[in-house]
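Hi,

Here is the structure I said I'd pass on. Have a look at it first, and then read on for what turned up when I went through it.

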Amino acid sequence: MKIMLCGDIDSGKSTLIRKLLEDMGKPPKGYITVRMPAVDGVSKVYLYDIANPPERVEDAAVIITIENEVREKHPELLDTLGVQYLTDIPAGSVVVLDEIGSLESASPEFQKAVMRILSGDYTVLAAVKAANTDFLRRVRSHPDCELYIITPDNRDALYEQLKREYNI
């Protein structure tokens, strides 16, 4: 089972992944990205290991800083920490990729790690941006994965559908 959820910001991708994880009851591997609300006009996007979350999100690595609509990006952290979070995962594990976005276009090692996970013997729950990059198109069309479009209007029904389809 490899589920990809594609939708706009605040469509419920991460929330649905969390609900499915709770229902599965298995410890996940992989990573989480979280955008925190702006403080003094500055918003940050953090990356952390889902298996070893920090006590506070603010203690995780900052991969994007947004100030006055200007983005300071750190794709090199995906090639180091992101790859680390996707390495040495035992076969059969539940792997969370939350989220796969456009920053990854500048992270070739991370791209390889994601494609290895998508082709491997894992249960995958992934949130994928709808942006139009070569990498995101390859991810969304991966032959081993099922892509589901999530919206605020269908997210509750999609949760029930996925539980039924995958016996979760």
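In which loop does I50 lie? I50 is in the one between β3 (42-49) and β4 (61-67). Before going further, a reminder that this is a predicted model, so read everything below as describing a prediction.

Leaving out residues up to four places away in sequence, I50 touches L21, P28, K29, G30, Y31, I32 and V96. As for S93, it is 43 residues from I50 in sequence, and the two C-alpha atoms are 13 Å apart.

Next, T33, which sits in strand β2. T33 has 18% relative accessibility, so T33 also goes down as buried. A polar atom of the T33 side chain lies 3.2 Å from the backbone nitrogen of E99. E99 also turns up in the contact list: setting aside neighbours within four places in sequence, T33 is in contact with V45, Y46, L47, I63, D98 and E99.

H74 and I63 are eleven residues apart in sequence, with 4.9 Å between their C-alpha atoms. Apart from neighbours within four places in sequence, H74 is in contact with V62, I63 and L103. The H74 side chain also makes a polar contact, at 3.1 Å, with the side chain of E76.

Now the helices, starting with α1. This helix has twelve residues and runs 17 Å from its first C-alpha to its last, close to the 16 Å expected at 1.5 Å a residue. Its buried residues are K13, L16, I17, L20, L21 and M24. Those residues cover an arc of only 140° around the axis, which puts them on the same side of α1. What do the buried residues of α1 pack against? They pack against β1, β2, β6, β7 and α5. Just after α1, G25 takes a positive phi of about 70°.

The axes of α1 (residues 13-24) and α5 (residues 155-165) come within 11 Å and cross at roughly 35°. That crossing is right-handed. On the α1 side the contact is made by L16, K19, L20 and D23, and on the α5 side by D156, L158, Y159, L162 and K163.

Last, α3 (residues 108-119). Its twelve residues should span 16 Å at 1.5 Å a residue, and the end C-alpha atoms are 17 Å apart, which agrees. Buried in α3 are F110, Q111, A113, V114, I117 and L118. Down the helix axis these fall within an arc of 165°, so they line one face of α3. What covers them includes β1 (2-6), β2 (28-35), α2 (76-85), β6 (94-100), β7 (123-128) and α4 (134-140).

Then move on to α1 and its crossing with α5.

Cheers

Note on methods: Residues numbered from 1 in each chain as written. Predicted model: local features only at pLDDT ≥ 70, side-chain atom pairs only at ≥ 80, totals over all residues. Heavy atoms only, no water. Helix = DSSP H or I, 4+ residues; strand = E, 2+ residues; numbered from the N terminus. Expected span 1.5 Å × (residues − 1). Buried < 20%, exposed > 50% of the residue type's maximum accessible area, 1.4 Å probe, protein only. Arc of directions from axis to C-beta. Contact = heavy atoms within 4.5 Å. Polar contact = N/O pair within 3.5 Å; in protein donor to acceptor, adjacent residues only side chain to side chain. Axes fitted to C-alpha atoms, helices over the stretch in contact; angles between N-to-C directions. Left-handed = near helix turned anticlockwise from the far one by under 90°.
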